[in-house]
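Please read this briefing beside the sequence and the model shown below.

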Amino acid sequence: MESGRNLRVVKSDSPVRIHTGKPENLPERLANRALGMKASEIRSLFAVASRPEIVSLAGGMPNLSALPMEMMASVTQKLILENGAEALQYGSGQGHPKLREQICDVMALEGIKAHPDDVVVTTGSQQALDLISRIFIDPNDVVLVEAPSYVGALGTFKQYEAQVVHVAMDQDGLIPSALKDAIATTKSAGRKIKFLYLIPNYQNPAGVLLPADRRTEILDICREEQILVVEDNPYGLLGFDKPSPNAMRASDSENVIYLGTFSKTIAPGLRIGWALVPQSLKEKMVIASESSILCPSNFTQLVISSYLANQPWRDQIASFAKLYKDRRDAALSALDKYFPKSATWTKPGGGFYIWVTLPPEIDTNALMPKAIAAKVAYVPGTAFYADGFGSWSLRISYCHPTPERITEGIKSLAGVIKTEMESRQIN
């Protein structure tokens with residue numbers, strides 16, 4: 001039969017509309033894993049928190065005021081003029097070889113001895129976390145995480161239909177004895193644990209630092225129980241007064257996957273992160289990445305590579321750390337001055353965040369509209385738990401506003417909290 005024999009062409013001056021199905025039926029066609037997808041509480045806050053009259057203590061946006069824009073423009077212009085044909089072309093699915101070498105130099109600052117062949121460059125460390133989840137997680141597998149934990153990780157684990165089991169923390173991070181208990185309880189229920197996910201340096205959202213002895217104990221527990229460790233380290237080089245302990249990956253190259261990013265130490269808009277993986281895992285990571293994005297951006301990789309090769313990047317990181325320390329100091333001072341005595345909070349030695357705990361009668365979700373009316377935004381604690389826990393806690397991010405605005409915002413928030421406590425007759 002000739003192709004097109006039964007087609008009928010009708011000439012018309014009206015535009016042609018092709019009906020391929022009823023749009024209202026699309027939700028019924030979604031995969032099971034898509035049904036539970038929802039915007040994070042931080043993303044939901046963004047439209048409100050970005051209003052200029054609001055002091056946003058919510059999002060963890062790096063402050064780029066310390067980044068010399070003329071220098072970045074010069075790096076980019078030189079790259080385009082001298083190497084534009086490569087920079088604007090497709091690249092390797094594993095990442096540019098030169099940048100992978102330089103990433104090894106960056107990781108060496110935290111005690112890691114790595115080979116470029118074991119580095120997989122990704123579109124931010126968030127993509128690395130997605131790839132690891134795709135490779136390891138089957139529906140109903142268990143992932144152990146800190147309590148509280150990074151909202152972006154919780155969303156990724158939920159997308160791959162994992163069951164999240166939270167492990168208790170204190171002012172020094174993940175508690176090894178609580179990890180043992182969580183492993184024993186999970187295994188006794190016949191459930192399979194795929195990995196432990198943690199942020200040991202200036203943790204998001206709590207801001208706490210895991211000491212060296214706990215790192216060793218946690219690694220020993222996980223090796224003995226044959227549980228992989230995923231070490232996420234966005235903030236490790238942003239310590240304020242002293243370096244963080246060596247990375248956990250420095251002590252164990254076979255049972256630790258290390259995630260890094262340039263989002264906090266250069267700029268998040270470049271969207272370059274990486275995973276340092278055991279050699280046996282590299283091929284799967286590269287294949288998974290290629291199926292997702294073909295390759296990370298050659299252009300932004302080479303911008304970063306040129307920056308690392310030709311600029312005093314260690315000094316730039318020190319400038320960022322100084323900027324964030326000033327803001328941390330302003331936040332802690334304002335909390336001491338204005339918050340009720342019954343509230344407690346962490347005192348971070350680096351990074352972006354403070355975790356505040358209020359009397360349990362206070363619901364920080366319900367309090368949010370009142371805070372917005374008082375022109376201040378934060379993130380309720382429930383965003384950082386997979387099970388709805390943490391309703392009397394909140395996260396304060398001090399990285400982006402000026403110290404003056406931070407003080408103003410915390411003062412306003414304190415007024416909202418005190419009014420709520422008085423209405424509930426809470427001391």
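## Aromatic residues

Y235, F320, Y324, F352 and Y353 come together in one aromatic cluster, where rings of Phe, Tyr and Trp (its six-membered ring) pair if their centres lie within 6.5 Å, and planes under 30 degrees apart count as stacked, over 60 as edge-to-face and the rest as tilted. This is a predicted model, in which local features need pLDDT of at least 70 and side-chain atom pairs count only at pLDDT 80 or more, while totals for chains, interfaces and linings use all residues. Residues are numbered from 1 along each chain as its sequence is written, and side-chain values use heavy atoms, with hydrogens and water left out.

- The structure holds 13 aromatic pairs; one of them joins F320 and Y324, which are stacked at 6.3 Å centre to centre with 15 degrees between the planes.
- F320 and Y324 are separated by about one helical turn, because they stand four residues apart in helix α11 (residues 313-338); helices (H or I, at least four residues) and strands (E, at least two) are DSSP runs, numbered from the N terminus.
- F320 is buried at a relative accessible area of 1%, and Y324 is buried at 0%, where buried means under 20% relative accessible area, exposed over 50% and partly exposed in between (1.4 Å probe, protein chains only).

## The four-stranded sheet

- Four strands form an open sheet in the order β10-β11-β14-β13, with antiparallel pairing; its edge strands are β10 (344-345) and β13, each of which pairs on one side only.
- Two strands count as paired if DSSP finds at least two bridges between them.
- Strand β11 (residues 353-357) is joined to β14 by five bridges and runs antiparallel to it, with I354 having I396 as its bridge partner in β14.
- Strand β13 (residues 379-380) is joined to β14 by two bridges, again antiparallel, and here the bridge partner of V379 is R395.
- β10 and β11 pair in the antiparallel sense over two bridges, and W345 has V356 as its bridge partner in β11.
- Strand β14 (residues 393-397) is mostly covered, with five of its five residues buried: S393, R395 and S397 point one way from the strand, whereas L394 and I396 point the other way.

## The eight-stranded sheet

- An open sheet of eight strands has the order β2-β9-β8-β7-β6-β3-β4-β5 and mixed pairing, and its edge strands, β2 (119-122) and β5 (173-174), each pair on one side only.
- Within this sheet, strand β3 (residues 142-147) runs parallel to strand β6 (residues 193-198) and is joined to it by four bridges, while V142 stands opposite I193 in β6.

## Cysteines

- The structure holds zero disulfides, a disulfide being a pair of cysteine sulfur atoms within 2.5 Å.
- C104 is in no disulfide, and the nearest cysteine sulfur, that of C295, is 20 Å away.
- C104 counts as buried at 7% relative accessibility, and C222 is buried with a relative accessible area of 1%.
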